[in-house]
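Here are my notes for a colleague who is opening this structure for the first time. Please read them with the sequence and the model side by side.

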Amino acid sequence: MSHLHSLSQLGLLAWLLFLLTACSGQPVGLLRPNGVTIAPDDSIYVMDKGHNRVVHLSVGGQFLDAFGSLGRGQNDIFSGWDVALDQAGNVYLSNHIFDEEASYRSHDGIKVFSPSGQFLREIGGQDYRFDDSFHYTPYGLDIDQQGHLYVANFDSNSVRVFDVTGELITELFGQRGSDLGQFNGLSYVAVDNQRSLLYASDEANSRVQQFNLSLTDTGQLTATHRLSIGTYGQSVGQFSYPQDIAIDESSGRVYVADMGNRRIQVFDSEGEYLAEITQPHEWQVIGLAIGSDGAVYAVDALNNRILVFEPNGQLRRQIELGQ
Amino acid sequence: MNFKVPLFLKLMLPLIALFILTIGLSGYWVYRQSTQRWQTEMDTRLERVASLLARTIDVNTLEQIKTPSDIDSPSYQAIVNQLEPALTASNIDWIGIYYKRDNYFYYWVDYDFTGVGYPFFYATPEHVAAYQDQKPHRVQYTDEFGSYYGFVAPIIITDDSGDTQVMGLVEALILVESRDLLQRDTLNRVWLILIGGSVIAVILSLLINYFLINRPVRRLQRGALELAGGQLGHTISLNSRDELEDLADTFNQMSTRLETLYQQRTEQERMQRELEIAHNVQQTLFPSQLPQLPGLQIAAICQPHRETSGDFYDLLELGQTQLGVVVGDVSGKSIPAAMVMVAAQSVIRAEAHDHPKPELVLSQSNALLHRNIPRGMFVAASYARFDVPTRTLVWANAGQIYPMLLHRASSTGHNSGARYLESTGAAFPLGIVDKIQYTAQEVELLPGDTVLFFTDGVIEAMNPTGNLYGFERLESLVNDLQSDFSPDRLIEVILGDIATFAGPAEQHDDITLVAIKITGD
């Protein structure tokens with residue numbers, strides 16, 4: 001029996017080692033990367049959507065770490081979209097599931113991981129998506145200086161605001177339409193802390209709406225429409241399915257991923273067009289982020305890479321894992 | 001290196017491995033079959049949905065949808081209303097319509113309201129081919145929303161000139177993540193079955209090994225150790241109704257047989273020791289040295305059939321000039337005969353010293369033996385008393401074979417002929433009847449005469465074919481001898497002839513020969 005016991009232990013160990021080896025293999029490159037955010041040390045977190053993981057890259061674009069795997073469980077990722085960092089360095093990612101039936105039994109919503117990739121908590125849990133009247137599909141994320149988490153919900157055309165503990169503070173907007181303050185596919189959101197401004201991309205209306213953020217006497221967070229940027233079209237200042245928005249708070253510059261027009265457009269905080277960043281070849285710009293030196297990080301989902309531009313629009317470098 | 005491979009490993013591990021392999025292959029086969037069937041069914045469903053919608057879509061309504069803001073138009077909703085039943089009924093993940101402009105593909109209408117004119121960056125060669133050959137094509141790609149596979153079918157319209165052209169593509173898709181999770185769930189179930197089956201196989205194997213093999217074998221082993229430790233006759237109770245039970249039965253037979261053989265062997269050894277003791281005791285009763293009497297040459301031998309002899313002889317010096325000769329044969333064999341022989345020899349020896357007359361010696365001996373030996377046993381004996389100065393022999397017989405007198409014929413140098421010294425009167429062996437009065441015969445001897453006493457072992461010696469040595473052969477042998485033979489030579493010749501006659505046949509009775517030759521000194 002002792003022989004058998006030893007043999008069984010060896011077999012189990014070999015089996016576990018095999019599983020460990022098989023499960024620890026990471027894809028080499030990125031596949032349809034989406035949201036991106038820059039840490040204070042200028043390292044990069046990017047949602048590697050096609051691989052259902054968040055990839056952490058060094059300043060120079062070298063692979064540091066990755067976490068997440070496909071699944072519908074609490075710490076799994078099914079359809080990751082955007083990423084954001086709080087001041088503690090924790091990573092927030094929006095995760096939604098297109099399949100309505102599947103989403104009933106799945107952990108969608110917002111998931112929070114430690115900087116090293118340990119699952120911390122989820123916001124929304126299994127019932128994030130559904131409400132009495134809306135389907136909430138979390139897309140874009142941003143976190144302000146107070147630690148408030150802003151979640152753009154595409155289907156409900158609203159922005160849900162959570163505090164640092166994950167409690168819902170308020171819900172902004174929520175009206176589908178083309179009037180001011182209404183949205184037709186609210187996909188991304190960005191906060192200008194310096195100016196207390198909230199930007200939200202309005203996809204089907206082909207515009208970016210800007211709101212003043214303020215607190216009422218009762219402490220209620222409110223958003224008042226200030227201006228709209230852009231209309232549908234290919235000309236300067238027009239959009240075709242605008243995606244992520246990045247704010248250079250030092251200058252108030254607003255960078256908008258004008259995906260349908262294959263460009264990034266730059267505006268000032270008053271909505272005035274400043275410049276555009278283009279590429280000589282086909283690309284699909286979705287995620288945007290600003291580095292500490294004002295560099296613009298643009299995620300090119302089509303070519304599975306991150307392009308880093310100087311503030312003036314000149315290409316600094318491109319990050320392609322496994323190349 | 002004393003490396004032992006347990007029986008379990010030899011028998012059960014291959015079976016377990018085979019079992020796990022069988023379960024694994026079966027599970028893999030089920031997994032492959034189910035996923036392939038699912039894939040085939042899904043492919044058929046996707047193609048049918050895409051083709052059906054491409055044929056039935058309301059193209060006039062579709063053409064009214066042109067800009068992103070039209071996503072809120074009744075036309076857009078009308079098309080979605082056409083897509084929705086197909087999506088729900090076919091249980092697929094996505095249905096949408098693309099259009100192509102300037103070699104770029106754009107979303108037109110889709111169930112998820114992605115947007116009119118939303119750029120589709122991931123058009124595959126199959127998308128392009130569907131536009132060109134106006135046939136459905138299987139597509140697979142990964143875009144910013146996920147990984148998909150499905151079918152595209154062209155929406156074909158006919159212009160005024162009758163030519164057909166593709167207006168757009170209907171695409172029906174399955175989310176690969178959903179498929180992967182489904183396959184992973186299936187695979188997990190297979191693994192669960194495999195691991196569960198393996199655990200059950202191991203447990204069953206252990207139980208089977210313990211109850212059907214290990215425990216019976218250990219009982220056999222313990223039984224064998226008991227046997228090896230000297231517990232002969234130790235048996236094992238095993239009711240496994242298989243070959244191991246047969247083995248246990250065989251072991252029990254062997255153990256019982258060993259016990260019996262050991263007991264027999266012990267008994268034989270004990271008897272052998274007793275026989276050796278009896279032999280040694282008996283040998284001390286025979287004269288250690290032959291008497292040396294002037295005028296007589298004496299030779300004697302008792303050749304027992306086994307360790308002990310029922311035959312005996314005795315040579316008694318009775319004064320300076322007389323010799324008493326006793327030759328006897330006790331009925332029966334082995335120890336009882338030997339014990340009676342001891343008694344008979346002692347009694348006759350004592351009586352011979354007490355009585356001068358041989359007939360009286362035998363009569364007294366008979367009376368004593370009759371009282372002291374078991375019933376049914378008897379002693380055939382003869383007692384002769386030689387008187388050297390007178391060359392006379394007085395001889396009485398109690399059932400013993402008549403001695404043979406070999407008379408020297410000086411003229412021929414040969415024996416003139418052997419004759420038997422016959423007795424008269426009662427000749428019952430000693431010990432049968434209480435009171436017997438034996439009679440004695442007196443014979444006058446001449447120098448050179450030899451009296452040969454012998455027991456029935458001589459004449460009843462048998463050859464391999466069962467023939468007896470017989471009186472005639474003995475008589476013929478001694479008659480052919482030169483008359484100057486010594487008693488030693490006579491006995492040597494007779495024994496040699498018996499050996500020649502018997503050949504390889506085993507001696508079957510005691511042989512006793514006593515030869516007394518009158519030398520005339």
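1. In this predicted model, chain B contains an open sheet of five strands, arranged in the order β8-β9-β10-β11-β14, with antiparallel pairing. The edges are taken by β8 (311–318) and β14 (440–444) of chain B, and because each has a single partner strand, one side of each is left without a neighbour in the sheet. From one strand to the next, the twist averages 15°.

2. Within that sheet, strand β10 (residues 379–387) and strand β11 (residues 392–398) of chain B pair in the antiparallel sense, and six bridges join them.

3. The crossing of α7(B) past α8(B) is right-handed. On the α7(B) side the residues that meet α8(B) include Ala343(B), Val347(B), Ile348(B) and Glu351(B), while those on the α8(B) side include Val361(B), Gln364(B), Leu368(B) and Asn372(B). Sorted by class, this contact has eight nonpolar, three polar and one charged residues.

4. Turning to chain A, the model shows two helices and 24 strands. Of the 323 residues of this chain, 47% count as buried. Among the contacts in chain A with a separation of 6 or more, 40% are between residues 24 or more positions apart.

5. One sheet of chain A may be set beside the one already described: four strands form an open, antiparallel sheet in the order β1-β2-β3-β4. Its edge strands are β1 (33–38) and β4 (63–67) of chain A, each of which pairs on one side only, and the twist averages 20° from one strand to the next. Strand β1(A) pairs with strand β2 (residues 44–48) of chain A in the antiparallel sense over four bridges, and Ile38(A) has Ile44(A) as its bridge partner in β2(A).

6. Two residues of chain A deserve a check of their backbone angles. Phe173(A), found in strand β12 (residues 168–173) of chain A, has a phi near 65°, a positive value in a residue other than glycine. Is Phe173(A) buried or exposed? Phe173(A) counts as buried, because it has 23 C-beta neighbours inside 10 Å. Asn304(A) likewise has a positive phi, near 55°, but is placed in the loop between β22 (296–300) and β23 (305–309) of chain A; with 19 C-beta neighbours inside 10 Å, Asn304(A) counts as partly exposed.

7. As for the meeting of the two chains, the contact takes 29 residues from chain A and 25 residues from chain B. On the side of chain A that touches chain B, the residues divide into 13 nonpolar, eleven polar and five charged.

8. A word on confidence is needed before details are quoted. Chain A averages a pLDDT of 89, and 87% of the residues score at least 70. Over residues 1–14 of chain A, however, the pLDDT is below 50, and beyond near neighbours in sequence this stretch has three contacts in the model. Where pLDDT is low, the predicted coordinates should not be read in detail.

Key:
Residues numbered from 1 in each chain as written. Chains lettered and ligands numbered in written order. Predicted model: local features only at pLDDT ≥ 70, side-chain atom pairs only at ≥ 80, totals over all residues. pLDDT = per-residue confidence, 0-100. Contact = placed C-beta atoms within 7 Å. Nonpolar A, V, L, I, M, F, W, Y, C, P; charged D, E, K, R; others polar. Pairing = 2+ DSSP bridges. Axes fitted to C-alpha atoms, helices over the stretch in contact; angles between N-to-C directions. Buried ≥ 20, exposed ≤ 12 C-beta atoms within 10 Å, placed from the backbone. Left-handed = near helix turned anticlockwise from the far one by under 90°.
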